[in-house]
There are 2 protein chains.
Amino acid sequence: MKVLEPNELDSRKMLILKAIIDDYIESKEPVGSRTIAKKYDMGLSSATIRNEMADLEEMGYLSQPHTSAGRIPSEKGYRLYVDRLMNLKEQGIEPTAEELGDIKSHMQHKISELSEQMRMASEIVSRLTDYTAIVVSGNSRRSMRIKALQTVPVETGKALILIVLDDDRVKNSIVSVDPSITAEMLMRISVQCNLLFSGHRVEDINMDMIDTVAESTGVPRMLLYPIVEGIVECIRKAENTEVYTEGASRLLAHPEFNDIGKARNVLELLNKEDLLVDMIQDCSSAGGLVVRIGSENKIQDLNDCSVVTASYSVNGVELGTIGVLGPTRMDYSKVISALEYVRKGLEEGLGGKPKAE
Amino acid sequence: MKVLEPNELDSRKMLILKAIIDDYIESKEPVGSRTIAKKYDMGLSSATIRNEMADLEEMGYLSQPHTSAGRIPSEKGYRLYVDRLMNLKEQGIEPTAEELGDIKSHMQHKISELSEQMRMASEIVSRLTDYTAIVVSGNSRRSMRIKALQTVPVETGKALILIVLDDDRVKNSIVSVDPSITAEMLMRISVQCNLLFSGHRVEDINMDMIDTVAESTGVPRMLLYPIVEGIVECIRKAENTEVYTEGASRLLAHPEFNDIGKARNVLELLNKEDLLVDMIQDCSSAGGLVVRIGSENKIQDLNDCSVVTASYSVNGVELGTIGVLGPTRMDYSKVISALEYVRKGLEEGLGGKPKAE
DNA sequence: TGTTAGCACTCAAACGAAGCGAGTGCTAAC
DNA sequence: GTTAGCACTCGCTTCGTTTGAGTGCTAACA
């Protein structure tokens, strides 16, 4: 595939291409020369436009579903459109007053939970855009610090292990312990663990520390093992990136999914969490806001779809990514604006202190 | 609508009705008299069957999509089928060895979490039946006991409230507290709370108890309020029934959802958690295993669907419900067997001690 | 040389008639 | 009561026709 050279296209061709894509995104129908000549009066006749369209097709920016139909953008066309042609919608994308209230009230809620907020955000994005939102929260690559670690007696033979991470996520697991472990012993273990582990990174935990706990609490090492297991389990849960999909059924409203087979493929894909995580993280690693058009995506079943992702960071730490999945003919401008909008909201909400815009 | 009288139908009509429904469930096509005469040789000619079919139609058990087509069961027909005609499949429904391993390994996992197990079970049910599974876990009507309640210092001005319930569910919330509250104070509060609340029912908690905590710890009552708020929040979370849907896309494989509009209606419905909870709980209140056929369901959009639900109890306490959603023409026998199967598994797993079969 | 009017051509989609065939109801005979 | 036979119904498929949006090309024009 040839790399785009800036002056390959004169400005008139650009203008026409933009008009075609704009129209196609709106009308969902192949665009003919007459439509462009009439609707976007650029002082040219349909015949001229026709010639230009033929050129654009030859250059690979457009294609024809069949001879006697209008033109539709190719992937290359969309790419150029996204990179250089489209104008970002600044207005009309703002959520309704009601939705705004929703967000605000959620954000101001004292109890801040990352995954809850991401969920909330994804719902807004999906509703604003009418496409499906995919949320991946958590970031297995960053190293987490432990804020607090406690062991809590539940009943004889059962203990709860609890970890609070530096992003205020809480993970816990219940383990069976030797019945000889009393509530009082657990309390001591708890104090020691807290003292020893708080402020440390997850990967700093090692067997020596366990030994220290055993010594200082007087609890036999053997009996501590289930507790260590519980800690490991908590960490595993914390490392697990969570995926969540919102508004899958919205996709069915778009004509490109009228084919039930295609619809099914995509919907089934949305259940495959590992694939989704891969896909989204693949994008997010490339930077802030990424647009993947059609086959730019590695997943075969998404060849007729585009994905736009935005990553969220607070204090330089990437906490999650929200992606929007829609047909290749999506309203890129709307999607990007919506994502930017909730990103701002999320980052302010999560950061705690609202920044000046 | 006339109520079914047991001897309204002679046994031959019953046999024919059963054959028709069996065939329809399998073939997904209207069933003609010739098919029945040939496939299920009951020593009758197609003409005779035709007469009987005409009778059955008149009685409301069958209907014709159009004059020159075969018959399909009506809701009344399905009802009779489910109640008295169908034979439960005992074989062929058992999960594959692989799936069995899956279940076992999950069930034996020491760390037992209700919602995780229900999720697992729902996936199995959905896979076995090829329909959508709906899980509602938690039961707002039963009164929960608190096994443990703790407050954990997280950092200055932040505390974690933690509740362990009698079914081993763990709920927590992080609240902002007055910075003057030290970790040491929180520990004391924790001990007192645990002492005071453990073993009590959620609804037993009252302001007097808070006062007691304030007195015995010497922490001003005012400063305890955020903590109370956290407790309330935990309880709210615990009372929230959780809903979860598995395998929604499987529905699309069935011909009755070839119509994209219908498919969309149902898929959208699956996002409406409150409606789902209502529906499932409405069934589960009626007893163990419930079949709702077509319009027996209150939800309009599900008029072409049936729902089969099974509730799970341990020690007489209802913990959750799994439902299967499919087209009215679902394989009821298969669905019921599958639900029974995982119910057994779940109840054994949750009860702790495996019972003899 | 670029633009435009005009015209022949293409082809998917919409429409309609014809034929097929699965299935029925009815009648008459067994 | 059962069955064979037959006329009839009606949705589906097939196939030819028409329609119309849209094109490419050519020739004339500025």
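About 3300 Å² is buried between chain A and chain B in this predicted model. Buried area is the accessible area (1.4 Å probe) that two parts lose on being put together, summed over both. Carbon and sulfur atoms give 61% of this area. The contact (heavy atoms within 4.5 Å) takes 37 residues from chain A and 38 residues from chain B. Two salt bridges are counted between the chains. A salt bridge is a side-chain nitrogen of Lys or Arg within 4 Å of a carboxyl oxygen of Asp or Glu. Lys147(B) forms a salt bridge with Glu155(A), with the closest N and O atoms 2.4 Å apart.

Local features need pLDDT of at least 70, side-chain atom pairs count only at pLDDT 80 or more, and totals for chains, interfaces and linings use all residues. Residues are numbered from 1 along each chain as its sequence is written, chains are lettered from A in the order in which they are written, and side-chain values use heavy atoms, without hydrogens and water.

Chain B holds an open sheet of five strands in the order S7-S3-S10-S9-S8, with antiparallel pairing. Strands are DSSP runs (E, at least two residues), numbered from the N terminus. Two strands pair if DSSP finds at least two bridges between them. The edge strands are S7 (242-246) and S8 (289-293) of chain B, and each pairs on one side only. Six bridges join S3 (residues 132-137) to the antiparallel S10 (residues 317-327) of chain B. Thr132(B) has Leu325(B) as its bridge partner in S10(B).

Key: Helices (H or I, at least four residues) and strands (E, at least two) are DSSP runs, numbered from the N terminus.
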